[in-house]
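How does one read the features of a protein model, one at a time? The sequence and structure come first.

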Amino acid sequence: MFDVDALLAELVACNDESDPRRAVHDALARTLATPGAVADALAPDAGGIELLHHTRDLTVINIAWAPHMRLMPHDHRMWAVIGIYGGREDNQFFRRTADGLDPTNDRRLDAGDVCALGAQTIHAVTNPTSRLAGAIHVYGGDFVNQPRSQWGPGDLVERPFSMDTLGRQFVEANEAAGLVRG
């Protein structure tokens, strides 16, 4: 049986390790060895973001990507670890150039997969399927208040990241999929 509080306690304890990102990766990998149990416990009914833990040192978020949702390229300016518990999350990675962004590579994440990202990573996220995709995202800092950048929606011009824009993207994706967040 999956216990959200036990996972959060383990993730918080990872900050005391010599390599917190690696410790978080390993903790999520153990947890997601049975992704169905996590999916049953977190059970999203629509796309959205649920803060599970938020301090200046660590943020843990339950993210549900609406069907066919695409999130614009963005950075975090802190390390992150993504663990998929349901569906699929496709990541397209970019690097900064004098002219903006150039795509570098892609990575498909399926249920049970865990991926660590560096502090300089820029990526866009897509749920290419017709069902919800669920993921636990862990950030090595204050994800909510950290200044960072986004490129889009629309054009790939760098601008300050906006939680309001992010929220609108979830609303639009849910509406397009006929989902209502309850």
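Predicted model: local features only at pLDDT ≥ 70, side-chain atom pairs only at ≥ 80, totals over all residues.

Q: What is the strand order of the open sheet of five strands?
A: First the terms: strands (E, at least two residues) and helices (H or I, at least four) are DSSP runs, numbered from the N terminus. Two strands pair if DSSP finds at least two bridges between them. Here the order is β1-β2-β9-β4-β7, with antiparallel pairing. β1 (48-54) and β7 stand at the edges with a single partner strand each, so one side of each has no neighbour in the sheet. From one strand to the next the twist averages 20 degrees; such angles run from 0 to 180 degrees between the N-to-C directions of axes, which are lines fitted to C-alpha atoms, for helices over the stretch in contact.

Q: How many bridges join β2 to β9, and how many join β4 to β9?
A: Strand β2 (residues 59-65) is joined to β9 by seven bridges, and strand β4 (residues 80-86) by six; both pairs run antiparallel. G134 in β9 shows this on each side: A64 stands opposite G134, and G86 also stands opposite G134. Further along the sheet, β4 and β7 pair antiparallel over four bridges, with A116 in β7 as the bridge partner of V81.

Q: Is strand β9 mostly covered or uncovered?
A: Burial is read from relative accessible area: under 20% is buried, over 50% exposed, and in between partly exposed (1.4 Å probe, protein chains only). Strand β9 (residues 133-139) is mostly covered, with seven of its seven residues buried. A133, A135, H137 and Y139 point one way, while G134, I136 and V138 point the other way.

Q: Which helix lies across β1, β2 and β9?
A: Helix α1 (residues 4-14) does, and it runs at about 60 degrees to β1.

Q: Which residues of the largest nonpolar core touch the most other members?
A: In soluble globular proteins, nonpolar side chains tend to be buried together. A nonpolar core is a set of buried Ala, Val, Leu, Ile, Met, Phe, Trp, Tyr and Cys residues joined through side-chain atoms within 4.5 Å. The largest one has 24 residues, and W65 and Y139 touch the most other members. Two or more residues come from each of β2, β3 (70-75), β4, β7 (114-117), β9 and α4 (163-177). Another core, of 20 residues, lies apart from it and has L11, C14, V24 and Y85 among its members.

Q: What is W65 in contact with, leaving aside its neighbours within four places in sequence?
A: Contact means heavy atoms within 4.5 Å. The partners of W65 include L71, V125, A133, H137 and F170.

Q: What is the volume of the largest cavity, and which residues are closest to its centre?
A: Rolling a probe the size of a water molecule over the atoms shows where empty space is left. On a 1 Å grid over the protein atoms alone, a cavity is a set of points where a 1.4 Å probe fits but cannot get out, and lining residues have an atom within 4 Å of a point. Grid points are joined across faces, edges and corners, and the volume is the space filled by probe spheres set on the points. The count comes to one cavity of 30 Å³ or more, with a volume of about 90 Å³. Of its 15 lining residues, I63, W65, L71, H74 and Y139 are the closest to the centre. β2 gives the most to the lining, with three residues.

Q: Where is R96, and what does R96 touch?
A: R96 lies in strand β5 (residues 88-97) and is partly exposed, at 42% relative accessibility. Not counting residues up to four places away in sequence, R96 touches D75, R77, L101, I122, S149, W151 and E158. A hairpin of two residues joins β5 to β6.

Q: Which backbone details deserve a look?
A: H68, in the loop between β2 and β3, has a positive phi of about 65 degrees although it is not a glycine. The peptide bond from G152 to P153 is cis, with omega near 5 degrees.

Technical notes: Residues numbered from 1 in each chain as written. Heavy atoms only, no water. 1 Å grid on protein atoms, 1.4 Å probe; cavity = no way out; pocket = protein on both sides within 12 Å on 5 of 7 lines; lining within 4 Å.
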